[in-house]
Amino acid sequence: MNRRLILVGNGMGGIRFLERLFEADPTWAVTVFGDEPHPAYDRVALSKVLAGSVGAETVVIRGHDWYDEKGIRLEAGCPIVAINTEERWVEDAFGRQHEYDSLVLATGSLPFMPPIPGANLDGVLPFRTLDEVDNMITRAEAGSKAVVIGGGLLGLECAYGLTRRGMDVTVLHLTEHLMDRQLDLAAGTLLRDELQRMGMRVMLPVSTKRFEGDGRVERVVLTDGEVIPADLVVICAGIRPNISLARDAGLSVAKGIVVDDCLHTSAPHVYALGECIEHKGLTFGLVEPVYDQAALLAKIIGHQELVAYEPKFSATTLKVAGLDVFAGGRSVPEIGDHEVVIRDDAGFIYKKLVLRNDVVVGATLLGDVRSAPLVGAALSGGTIVKDRLRLLGIGIASESNPAAELPDLAVVCGCNGVTKATIMEAIQRPEEGCTSRACVAKCTRASTSCGSCANIVDGLLAYAGQTASTASPAPVVCTCVPVAREELRWRILGEDIRTVSQVLKTAGDGVGCHRCRPAINYYLDAWWCGDYQEQPASRHVNDRVHANVQKDGTFSVVPRMRGGITTPDDLRRIADVADKYKVGMVKLTGGQRIDLLGVKKADLPLMWADLGMISGHAYTKAIRTVKSCVGTEWCRFGVGDSTSLAVAMEEMLEGLYCPHKVKLGVTGCPRNCAEVTIKDLGVMAIVGAWEIYVGGAAGMSVRKADLLCTVETPTQVLEEVAIAIQRYREEGIYLERMYHYVPRVGIDAFKASTVEASEVVRAGLLDRFRRSKARVSDPWQAVPAREPWRFEPGLTA
Amino acid sequence: MATLHRAGLLSSLHEGVGQVVEIDGKEIALFRTGDRVFAIGARCPHAGGFLADGMVCGDVVVCPLHVRRVHLKTGEVEDWEVGVKTYSVVVREGEILLEL
């Protein structure tokens, strides 16, 4: 015979528990008793029903057919009135007894009704059930007056809903500021101003003396004597765990039904979950922890697993259209904490972090909640945050997609416990991947409850659309560092990581390999604009000693020769140096410079000093050369001064590391002697203008470059080139040539993110380009001076 | 009989960055990873690359020329029939001594 399970309570926690239980073990014979005469519905969504933004029919979580399909007996509208824990049966309101093997109490909570005289008048009601919402909607005549008692989360959502129904709403709040459980005074005050601007009246601090009326409520009288007319009074003064059934059955109760880490009550075979419980002195009022408990209890009962409940951080969001509030953790600092506050009263923006030892322990976002997912991840992750302003969205281009930066395991939909990874999986399924929010909602249930994550889901859809052309789900950096590049970026910037070994330790296997370590080194360089700590042990020998290793273990030296232009003096010195160090070969390179081959490692610093020239970076993934023709300076066909522009361009770019080598060229006319249409980035003079090309190649593969834009002046050329290169530096995958990167994202998308991007985006790219450039120094001088041991032969005796 | 040869000061051998020493006409690559020092033949048996210039990843050094993976403890070279010689290392009073 199947084991018999009785669930008392058919709310959100109860139904979630059943769903999970049947995933684990569908053999249970289950009976569910619910007080309300409906199948399980989404209580969190009632605010939206009240506001009229969704219909009442949409809040049903599981219809009768689901219960039938699972073989679950649903006794809706049938309260349980007694439990006999010794003989293991419950008694329902009709006097029937039902035996169980396991009993789960999910009796939820009851609205707290303060003992105010007149509370029994018609038109005074709490805000908890679908029927109460129906009742309110029926009474909500346009122009009639409503009073909401309590300016907490629920009270404000109720007030908003009634306002949307055309009522004239007054909120009465007991303390100095609204949402005082979640917000500090400044945020609460700002919120009040905004609500009043939306047409609600907020009175605080006030206390209600009594409700008056003839059978039906007509007015509210305050303790100071003020009288407020009211056709409807809604009491939103908090909730209390519903424990009477458990208490009468002799179970251990305090504020809630006391449970242990396995959600077991004091009676054998009796478990409890949700708003009715008390775990280690804590009770619960948000749906997220309740869902966690439901999933856990399904494991415990379904799999007989020994797992312990640990409350996780959960944040509050206010579901009022156009008024975004996100709050979690401490709203005011305790001794030893410090806070970061950004405030724009006129713009209705307030952002605050409370930190302890650089770990976020509290956060408030008002008005602009775009960084809420990142802040939420930081709050729940307990990670060290150094770049606090960035976490609050300062310094991030307004067009950027915060959803893209979320770590994979970040919970996007708190109500349903859906992570970014789950949503991305649904979107990127090889067959029939989700293409709309509705489809994501159907497949993952994300955004189906409170809906506050809908914009993130949209962001993820957009993000997937952007990356869809790669035809593969966001690849991980390496098997040693199994996180996507976007996540790595977020973690590096969010957790202030500046070395490869730190990255490997926090996001990888601690060791890494010869492929990922140089890649991570590059990402640190690019994303921190050069402000990172290089570790020679994680670099290829070329990058350790700034020369190109040859097959015999010697090195080659290529000094920079901007635009391929040299001087007799430089050539003389090169010749002398070649003699002095007995170089094996002097060779002209394809990029119009001179290569000195066969140099011993120990001779490198000496040779560089004798040359008196700077590194050409021919040995690394960086800006290589800007090849040029003689342009208008000498050529009788030239229409643009290609040499000057090539030199200026090389000066502007040199020293910057990139995902791969970048070969460039500037040519003075469409005869194209500098071959710019097969360069990673090339510039061509035409009559009266310059064309900029990107993504050309003539190496392992051949590709004709795409035209990026046409501009009039060399100054404009330099700006567009800086922006294009910086975009590639930030978004290119390590070892991805520009001629792979551009077709991967598509030339139109590349244009949209560079030449056609908004001024804010362009200014940000230019700023990061300049900051990176400001950190460049010539390695041929700097490295031997700083770490001469890199070049020494043998050890110190 | 094996004897101990002085290779140099431990302090001049940097974590994860190899170094070549010559003892008795033999080229030997030294590596320091964590609290251990390894000594192996200096050149990769595949194409003669200087292993000391390779990147050290855990117990493996990756040859800078063609990314052969050479095991520091055993001298084994992955996907290659010939390995490299390994030498015993003693660190005494800050000095690296090799048993040859």
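Colleague: Within what distance do the axes of helix α1 (residues 12-24) of chain A and α8(A) come, and at what angle do they cross?

Modeller: Axes here are lines fitted to C-alpha atoms, for helices over the stretch in contact, and angles run from 0 to 180 degrees between N-to-C directions. Helices (H or I, at least four residues) and strands (E, at least two) are DSSP runs, numbered from the N terminus. The axes of α1(A) and α8(A) come within 8 Å and cross at roughly 35°. This is a predicted model: local features need pLDDT of at least 70, side-chain atom pairs count only at pLDDT 80 or more, and totals for chains, interfaces and linings use all residues. Residues are numbered from 1 along each chain as its sequence is written, while chains are lettered from A and ligands numbered from 1 in the order in which they are written.

Colleague: Is the crossing of α1(A) and α8(A) left-handed or right-handed?

Modeller: A crossing is left-handed if the near helix is turned anticlockwise from the far one by less than a right angle, and right-handed if clockwise. α1(A) passes α8(A) in a right-handed crossing. Residues are in contact if their C-beta atoms, placed from the backbone, lie within 7 Å. On the α1(A) side the contact includes A:G13, A:F17 and A:L21, and on the α8(A) side it includes A:V290, A:A294 and A:L297. The contact has 12 nonpolar, 4 polar and 3 charged residues, where Ala, Val, Leu, Ile, Met, Phe, Trp, Tyr, Cys and Pro are nonpolar, Asp, Glu, Lys and Arg charged, and the others, Gly among them, polar.

Colleague: What is the phi of A:L263, and where is A:L263 found?

Modeller: Most residues other than glycine have a negative phi, and most peptide bonds are trans. A:L263 has a positive phi of about 60° although it is not a glycine. A:L263 is in the loop between β18 (257-259) and β19 (270-272) of chain A, and it is buried, with 25 other C-beta atoms within 10 Å. A:E675 also has a positive phi, near 55°. The loop that holds A:E675 is between β33 (662-667) and β34 (681-686) of chain A; with 16 C-beta neighbours inside 10 Å, A:E675 counts as partly exposed.

Colleague: Is the peptide bond from A:L204 to A:P205 cis or trans?

Modeller: That bond is cis, with omega near -10°. A:P205 lies in the loop between β12 (201-203) and β13 (208-214) of chain A.

Colleague: How many residues lie between β30(A) and β31(A) in their hairpin?

Modeller: Strands of a sheet pair through backbone hydrogen bonds, either parallel or antiparallel. Two strands count as paired if DSSP finds at least two bridges between them. The hairpin of β30(A) and β31(A) has 5 residues between the strands, and A:Q592 in the turn has a positive phi of about 65°. The two strands run antiparallel and are joined by 4 bridges. A:V586 stands opposite A:L596 in β31(A). Strand β29 (residues 555-557) of chain A is joined to β31(A) by 2 bridges, also antiparallel, and A:V557 stands opposite A:L596.

Colleague: How many helices and strands has chain B?

Modeller: Chain B has 0 helices and 9 strands. Buried residues make up 39% of its 100 residues. In chain B, 3 strands form an open antiparallel sheet in the order β5-β6-β7. β5 (55-57) and β7 (69-71) are the edge strands, each pairing on one side only, and the twist averages 30° from one strand to the next. β5(B) and β6(B) are joined by 3 bridges, with B:V56 opposite B:V61.

Colleague: How many residues of chain A are in contact with chain B?

Modeller: 18 residues of chain A are in contact with 24 residues of chain B. The chain A side divides into 9 nonpolar, 6 polar and 3 charged residues.

Notes
Two residues are in contact if their C-beta atoms, placed from the backbone, lie within 7 Å. A residue is buried if 20 or more other C-beta atoms lie within 10 Å of its own, exposed if 12 or fewer, and partly exposed in between; C-beta atoms are placed from the backbone.
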